[in-house]
There are 4 protein chains.
Amino acid sequence: MIGGGPGSFIGDIHAKAAQLDGGVSLVAGAFSSSREKSMERGRQLCLNPNRVYGSLEEMIERELRLPIDERIDFATIATPNHLHYPAARALLNAGFHVVCDKPMTLNLAEARSLQRLVRSKPKLVFALTHNYTGYPMVKLARDLARQKHLGKILKVVVQYPQGWLIEPIEKKGSKQAQWRTDPKRAGKAGSMGDIGTHAANLVEYITCLRITELCADLGAVIPGRKLDDDGNCLLRFNNGARGVLIASQIAAGELNGLRIRIYGEKGHFYWRQETPETLDFCACDGCITTYRRGTDAIPRLSAAAAAATRLPFGHPEGFYEAFATLYRNVAETIRARKAGKEPSPIHLDFPTVDDGMRGMEFIETVVESNRRQRWIAWNK
Amino acid sequence: MIGGGPGSFIGDIHAKAAQLDGGVSLVAGAFSSSREKSMERGRQLCLNPNRVYGSLEEMIERELRLPIDERIDFATIATPNHLHYPAARALLNAGFHVVCDKPMTLNLAEARSLQRLVRSKPKLVFALTHNYTGYPMVKLARDLARQKHLGKILKVVVQYPQGWLIEPIEKKGSKQAQWRTDPKRAGKAGSMGDIGTHAANLVEYITCLRITELCADLGAVIPGRKLDDDGNCLLRFNNGARGVLIASQIAAGELNGLRIRIYGEKGHFYWRQETPETLDFCACDGCITTYRRGTDAIPRLSAAAAAATRLPFGHPEGFYEAFATLYRNVAETIRARKAGKEPSPIHLDFPTVDDGMRGMEFIETVVESNRRQRWIAWNK
Amino acid sequence: MIGGGPGSFIGDIHAKAAQLDGGVSLVAGAFSSSREKSMERGRQLCLNPNRVYGSLEEMIERELRLPIDERIDFATIATPNHLHYPAARALLNAGFHVVCDKPMTLNLAEARSLQRLVRSKPKLVFALTHNYTGYPMVKLARDLARQKHLGKILKVVVQYPQGWLIEPIEKKGSKQAQWRTDPKRAGKAGSMGDIGTHAANLVEYITCLRITELCADLGAVIPGRKLDDDGNCLLRFNNGARGVLIASQIAAGELNGLRIRIYGEKGHFYWRQETPETLDFCACDGCITTYRRGTDAIPRLSAAAAAATRLPFGHPEGFYEAFATLYRNVAETIRARKAGKEPSPIHLDFPTVDDGMRGMEFIETVVESNRRQRWIAWNK
Amino acid sequence: MIGGGPGSFIGDIHAKAAQLDGGVSLVAGAFSSSREKSMERGRQLCLNPNRVYGSLEEMIERELRLPIDERIDFATIATPNHLHYPAARALLNAGFHVVCDKPMTLNLAEARSLQRLVRSKPKLVFALTHNYTGYPMVKLARDLARQKHLGKILKVVVQYPQGWLIEPIEKKGSKQAQWRTDPKRAGKAGSMGDIGTHAANLVEYITCLRITELCADLGAVIPGRKLDDDGNCLLRFNNGARGVLIASQIAAGELNGLRIRIYGEKGHFYWRQETPETLDFCACDGCITTYRRGTDAIPRLSAAAAAATRLPFGHPEGFYEAFATLYRNVAETIRARKAGKEPSPIHLDFPTVDDGMRGMEFIETVVESNRRQRWIAWNK
């Protein structure tokens, strides 16, 4: 693991999620740019101190010296955004598979360069942790949508409100808030980069549609912020559907309120990340069907949703499990590749460099649309 | 009553709601442009046949011939939109108070003319049936917002999705759908006129803010429609807040899903018309307080919410009661005026010609913004 | 109307509900044993003062002197329980149809006598206001259960918790609380009589089963109370199913929380009075279907549920409407009888003297079971 | 680990939960009475084959031969019930700490014997996996109840309905169902032993009250069952409060529906295992406060709830985390004891042999009450 030092929020999640199913072990890390902090984190994790490194470069160099069956297979990049690109490039060039946090890079140029690099190394896996696609009920929605359960999709409303930046906590010592509100480390966008990209990815994942135009209105609501902490976006899709995307980190009273409604000719889906075990389908005749994870009804509707389930129905799964499914899929894909086998379609279901590229384009387009206060075509 | 003939949806609601509290009696009506249908409706309502008329003109003429204490005090206009203005004008000029359905008129010119007329007759009441403002929990939200419960308001998301026009039922005999999709009878906007105006009014009612700019994206999703049946709108408010307004009548699986979140510095409100008896306040510390209509907590927070309550807590009230509160307020205001008294502030709480004017401007601005596909300032 | 004087809770509900649909008019009343208060209530209701009476006897005598097409058709008894029986007897003997509040009488002996009287007058309607059976979604549950939607019914859990008696408000001037906690006016049971009878009736109405044995544990939790203010009951049904019935008026924080789960071989129903517009069916395969009042799905499932609907879907109905449906059914039955026609099955769907008898037996059995602290068979 | 062989439901949960926080490693096991299956499970778990054993006896013998700092510290017993007691006895006698699944033993005699044994070895930890007490919101409820948030507790309604035994799946190859419906392996009670004990434990954990009397009605609803698959119970508590406990495994359409309402003088709590992240407090004034795990409000209310939190608010935790908290507390207690320190109160918060004893008494009392169809005093 790269990053995820003491006090890191997402680093610990990566570690627990990756290891939940027992197919992955965290054995080495460069957890911090401070060797001392890196060692401290290594001790917390009970790692062999010889495999806790003071820098990425050291890690790569020393891991490569290990016999091939002892060295790490892949590395997770859980640093602030500006370090994603150099780390990913170095790791890929050294022959390691990569799991990278989102957004993929600091800017579009880096993203393009990384996309080229990944494409040039077809044997290496590059995965992006759009972890919300790991929820079984999200996979169910995607599969039902593919099976034309909704008919043609006409409208999408996706909201991702959080409230944790309603106070200027970046001025009060929150490291999380500091880098996420700093353009040098976070990139061009704040909320839209951090969580808007998740929302856009979720929409495209479930619907298999592409956003083709958007009109954004962003604000830095808390005085002194250089990046957006709140934004609303009108969307248009490649099939003509319309949509709205809302991302905010000053939505006081919200926790991690990602939720989505997808309207088609025959009804609509409703899913909420905070109660992720159910998916509602509201039909034209007024009946609502609530699907519940792990129940008998699921396997006949979605193999992916069934495969993403660990616990029996009624025993709640949550965030770790969704994240772990992403890791499991990556690990199984790497395992199949190492064994010279074709990975199963179930396991190939994780976000790739192309999703990362779309995320970076989304940020670029949103920021540009807001700057010009008008509709912008994406990617034509 | 003008309009509301056999088979009318809203006419029957007006009749039941107006009479629920016993302070209003429906005694006369011109329910249809067909004398026969008007008489039929009169019989349904057990009215004196001498006071069921074949036209508005006849009604005015004959009511004026009655002794002043026998004639009607006010008339409700529950016709399609294009008839609102001529009816309202004739009634006001004849000296009757008016309750008019929304949107107020067919177009902005009529609205301006009507506004002038109403202003010239300060003794007459002109009320518009933005009935959703009649819900006690909406009044509670407004009063709490005024008491700075939210702090400064930063963001608003209001949605009004319906699904009843997902099929082209205007081609299959639905009279409701026919006039509401016909620009000659409905005006410039479809969904945005019919329900978007309710949403805009609700936002302004609760927040006491004014929308000052908007950027709309409207669609006539079902082939052959001349008016929007779906639309999304970015908003800006006079205090700098941002917002989103969504109105759709092709949101399959939705019923009458008006819902609103209002975000401030200290938390946010959430209210849903389909479960109107509760208001959620989600605070910055993560606790949600759910207020419930009729409970002991309400009177100390909002006199208006308390006064809009008929049944004890836990005995659900709904749509009729909210509508009835609007009628009660209008009736009590007329009664006070007749008695030469000042109406109480509680009773003056109903939408006026100025709200109607804002609704017409909203329609105008939304349609113009959509036509030009850009932000439009709304006449400051 | 008999009873329902100034300040009465249920009297005003009867008046509004009866008249909601326009087929019933309140024209006469003996609202209080005080002539003055009766007149005051008559004025509130804008009644002809000649038809506001100082006593039931006076009302009967003077109404009978009116021409038959001017006199009242039926009378509603909305007094405390101890007055139900004498009022019902006098009215029936005078030839008037009767709508009576529940529980039907003060004790079982009165109930038996009344049942005999009603059976001896087959042309007269006697209806009991178990109003919760008036909700459309309750009727849907009943019809689906009859259609074997659940398969054999195996278990029932019905709860009716209220919290309004958590304080000894009968000592602080609450008239409602005074008579309801007074054995001389309320009868043998407190909570079990006031709301337990509703719960028992609801179970039997939906399931078409009969309770055959029960084991009750009642308490007078608030010191000084002579009647139960809290109780729990084990149930057995005539098909072998088991159940639980809970009724409490000291369940602090509850409003009017009647809710019921009915488990069968194929799944279970869940309905809550406080959000009465939906009925959930939770199937064995884990999917939940939520039925919503007024939607397209309803008429093909239940004619009774469809007929009990006034407003379009998504426009919430509540307590008044359910009550009004009971009155509409009674009024249409009386109308049919007057016209010498057979009432439609839809309109015959209201609680009768036999339901009232079961309610009184329920009270008797519950109290006896509690006294003896053991299971008691209920009249096989 | 003892038990939890291939295909075991609860064994895998123990393994994942124990290791989630990184403070526990599964290093050895006797997973099955078949050496082959035990080895298979060991391979799945990537264990050292030298530490996968064919029997408990072998495991104890060989582990004891290892140097003290290499051998296991504690063992988890995840077998069917009839094996709990011999395994626990052997392990404790060999000096190992024990984590045991519930119900604690096959019968009361074993339980008494085990209780004596545990009391005779004060240095050894014996923990029982009443895992539902591991949820943060359960701990919050307990702490708020202790702080008199409810006032005196007056009434408890706890339900634990499941539907997975609605079909006779024990006849169709379900191993889970086979042993759980077999008195020789499950003990005297079916549903009441498997899940009724959880419900009783949860009530006593949150309220700090003791059940002193009960009246049970149990059924073996599915033909051919020897043990109860459904049951209802009236309760009385040592402070005079009344209650109801419902446990069923034939409640079709339910998943794992443990839910509890605890009524006091000032309001009531409501918690549902299927949406475990929130706790509702419904106050006498009608307001509901919804507490949410991980939010800023929690630490000032409950140190135990705050300490049981891993993920930030809005990132759902579930069943594994609650289970893991129990393991963390056990592990930290063992760690403190090994280090000669006093464990912190936070870590001593896990169910002990005394809770196990109460569970066995509960089973005994419920079965006896049902057999005699009457109230039985518990433990006087």
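Chain A contains 12 helices and 13 strands, where helices (H or I, at least four residues) and strands (E, at least two) are DSSP runs numbered from the N terminus. The model is a predicted one, in which local features need pLDDT of at least 70 and side-chain atom pairs count only at pLDDT 80 or more, while totals for chains, interfaces and linings use all residues. Residues are numbered from 1 along each chain as its sequence is written, and chains are lettered from A and ligands numbered from 1 in the order in which they are written.

The radius of gyration of chain A is 20 Å, close to the 21 Å that the globule rule gives for 380 residues, so chain A is as compact as a globular protein of that length. Here the radius is taken over C-alpha atoms, and the rule is 2.2 Å times the number of residues to the power 0.38. Along the principal axes, the C-alpha atoms of chain A fill a box of roughly 65 × 50 × 40 Å. Of the 380 residues in chain A, 61% are buried; a residue is called buried if 20 or more other C-beta atoms lie within 10 Å of its own, exposed if 12 or fewer, and partly exposed in between, with C-beta atoms placed from the backbone. Contacts can also be sorted by the distance they span along the chain. Among those in chain A between residues at least 6 apart in sequence, 66% join residues at least 24 apart, two residues being in contact if their C-beta atoms, placed from the backbone, lie within 7 Å.

The domain assignment divides chain A into domain 1 (2-131) and domain 2 (134-311 + 356-372), with bounds that come from an automatic or database domain assignment. The centres of the two domains of chain A, taken over C-alpha atoms, are 26 Å apart. Where they touch, 17 residues of domain 1 of chain A are in contact with 20 residues of domain 2 of chain A. Helix α5 (residues 108-119) of chain A gives the most to the domain 1 side, with 3 residues. That side divides into 8 nonpolar, 8 polar and 1 charged residues; Ala, Val, Leu, Ile, Met, Phe, Trp, Tyr, Cys and Pro count as nonpolar, Asp, Glu, Lys and Arg as charged, and the others, Gly among them, as polar.

An α-helix has 3.6 residues a turn, so residues three or four places apart point the same way. Just after α2(A), A:Cys46 takes a positive phi of about 60 degrees.

Chains A and B meet through 35 residues from chain A and 35 residues from chain B. On the chain A side, β5 (153-161), β6 (211-219), β7 (230-237), β8 (242-248), β9 (259-264), β10 (267-272) and β11 (278-283) each supply at least two residues. Strand β8(A) gives the most, with 4 residues. The chain A side divides into 17 nonpolar, 10 polar and 8 charged residues.

The same surface serves both copies, as 100% of the contact residues of chain A recur in chain B.

Two residues of chain D complete the picture. D:Val98, in strand β3 (residues 97-100) of chain D, counts as buried with 25 C-beta neighbours inside 10 Å. Leaving aside neighbours within four places in sequence, D:Val98 has contacts that include D:Phe74, D:Ile77 and D:Phe126. D:Arg292 lies in strand β12 (residues 288-292) of chain D and is buried, with 22 other C-beta atoms within 10 Å.
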